[in-house]
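Open the model in your viewer and keep the sequence panel beside it. This tour tells you what to select at each stop, and what is there.

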Amino acid sequence: MATARRERYRKQTREEAKAVALAQLSESGTAGISVNAIAKAMGMTGPALYRYFASRDELLTELITDTYRDLAETLARAVADATPADRFRALALALRDWAKRQPDRYLLIYGTPVPGYQAPPETTEIAAGLMRTIVDACATVGGDGVGAGDGGAGGSGAAMSGGQPLTELEAALARHLEGAGPWVAGEEPGGELKGRALRTWTRLHGVISLDVQGQFTGMGFDPSVLFEAEIDALVRGG
């Protein structure tokens, strides 16, 4: 029973520290996150908090991992609730809504990289899993609407795109997606779809990043209208 109490206290302390770190993130960005400042806000000493997080990088990893997982779950729910034809639009709108509700967490994973921080493999794996959700949702965006297996069944899409060798971009994304584990046999999308999904993803983030950082302020239009127009253009293949 004593062990269970200690574990509960340890978990509560770590969660409280992460909540304070998110508040620091909101106020000062990633550069403002300090284990000693977090400890002071919690009424602890720095050395005491280091028993729960060995370093600032370990704490950052927890924040980044939690954020990726939250976004991945949000997008997965949005896609699951949509019809196949509406999955991409549902994913895009869910992404923007998530980013607007918590811009600091959005910028934590998609903003300026933290100097000196090296993300561990686990965060890369979660990011790759997130990208796979996007690849699936992009099956009817642009292109010919061909989805899983458009490069051939049995995973041949990892080496070919529509019967042609992968472009450098498609091959790089295929390697990144391997971090999320193997595809179900016969269901791996081809390289063209993977490349299209990556290009689509960057266009969505272009609008969202500018919006989240307030770059449209004073320009006299509603950013949500611009985002909807970008979705329509992507669906048409424009």
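The stops below run from the whole chain to single residues.

**Before you start**

This is a predicted model, in which local features need pLDDT of at least 70, side-chain atom pairs count only at pLDDT 80 or more, and totals for chains, interfaces and linings use all residues. Residues are numbered from 1 along each chain as its sequence is written, and side-chain values use heavy atoms, with hydrogens and water left out.

**Stop 1: the whole chain**

Colour by secondary structure. The chain has 10 helices and two strands. Helices (H or I, at least four residues) and strands (E, at least two) are DSSP runs, numbered from the N terminus. Along the sequence the order reads α-α-α-α-α-α-α-β-β-α-α-α.

Now colour by accessibility. Of the 238 residues, 42% count as buried. Buried means under 20% relative accessible area, exposed over 50%, and partly exposed in between, with a 1.4 Å probe and protein chains only. Contact here means heavy atoms within 4.5 Å. Among contacts between residues at least 6 apart in sequence, 73% join residues at least 24 apart.

**Stop 2: residues 34–53**

Select residues 34–53. An unreviewed UniProt entry places the feature "DNA-binding region" here. UniProt positions are given in the numbering used here, feature names are shortened, and annotations may be inferred rather than shown by experiment. The segment is 55% helix and 0% strand. Its end C-alpha atoms are 12 Å apart.

**Stop 3: the largest nonpolar core**

Which residues touch the most other members of the largest nonpolar core? Select Ile33, Ile38, Leu49, Leu75 and Leu204 to see them, out of 57 core residues. Helix α4 (residues 56–80) gives the largest share of this core, 10 residues. The core draws at least three residues from each of domain 1 (7–53) and domain 2 (55–142 + 164–237). A nonpolar core is a set of buried Ala, Val, Leu, Ile, Met, Phe, Trp, Tyr and Cys residues joined through side-chain atoms within 4.5 Å. The domain bounds come from an automatic or database domain assignment.

Stay on leucine 204 and show its surroundings. Leaving aside neighbours within four places in sequence, leucine 204 is in contact with Phe88, Ala92, Leu95, Phe227, Ile231 and Leu234.

**Stop 4**

Select serine 28, in helix α1. Serine 28 is partly exposed, at 48% relative accessibility. Aspartate 104 is 76 residues away from serine 28 in sequence, yet the two are 9.9 Å apart, C-alpha to C-alpha.

Move to threonine 30, in the loop between α1 (2–28) and α2 (35–41). Is threonine 30 buried or exposed? Its relative accessible area is 17%, so threonine 30 is buried. Not counting residues up to four places away in sequence, threonine 30 touches Leu25, Arg56, Leu108 and Val114.

**Stop 5: aromatic rings**

Show all Phe, Tyr and Trp side chains. A search of the whole structure finds five aromatic pairs. Why is the pair of tyrosine 9 and tyrosine 52 called edge-to-face? The ring centres are 6.5 Å apart and the planes stand at 70°, so the pair of tyrosine 9 and tyrosine 52 is edge-to-face. Tyrosine 9 sits in helix α1 and tyrosine 52 in the loop between α3 (46–49) and α4, 43 residues apart. Rings of Phe, Tyr and Trp (its six-membered ring) pair if their centres lie within 6.5 Å; planes under 30 degrees apart count as stacked, over 60 as edge-to-face and the rest as tilted.

Tyrosine 9 is partly exposed at 49% relative accessibility, whereas tyrosine 52 is buried at 11%. Keep tyrosine 52 selected. Not counting residues up to four places away in sequence, tyrosine 52 touches Tyr9, Arg10, Thr13, Arg14, Met44 and Glu58. From tyrosine 52 to arginine 14 is 38 residues in sequence and 6.4 Å in space, C-alpha to C-alpha.

Then select Tyr68, Tyr106, Tyr110 and Trp201, which form one aromatic cluster.

**Stop 6**

Select helix α9 (residues 191–212). At 1.5 Å a residue, its 22 residues should span 32 Å, and the end C-alpha atoms are 31 Å apart, which agrees. The expected span is 1.5 Å times one less than the number of residues. Just after α9, glycine 214 takes a positive phi of about 75°.

Finish on aspartate 232, in helix α10 (residues 223–236). Aspartate 232 is partly exposed, with a relative accessible area of 30%. Aspartate 232 and valine 141 are 91 residues apart in sequence and 9.5 Å apart in space, C-alpha to C-alpha.
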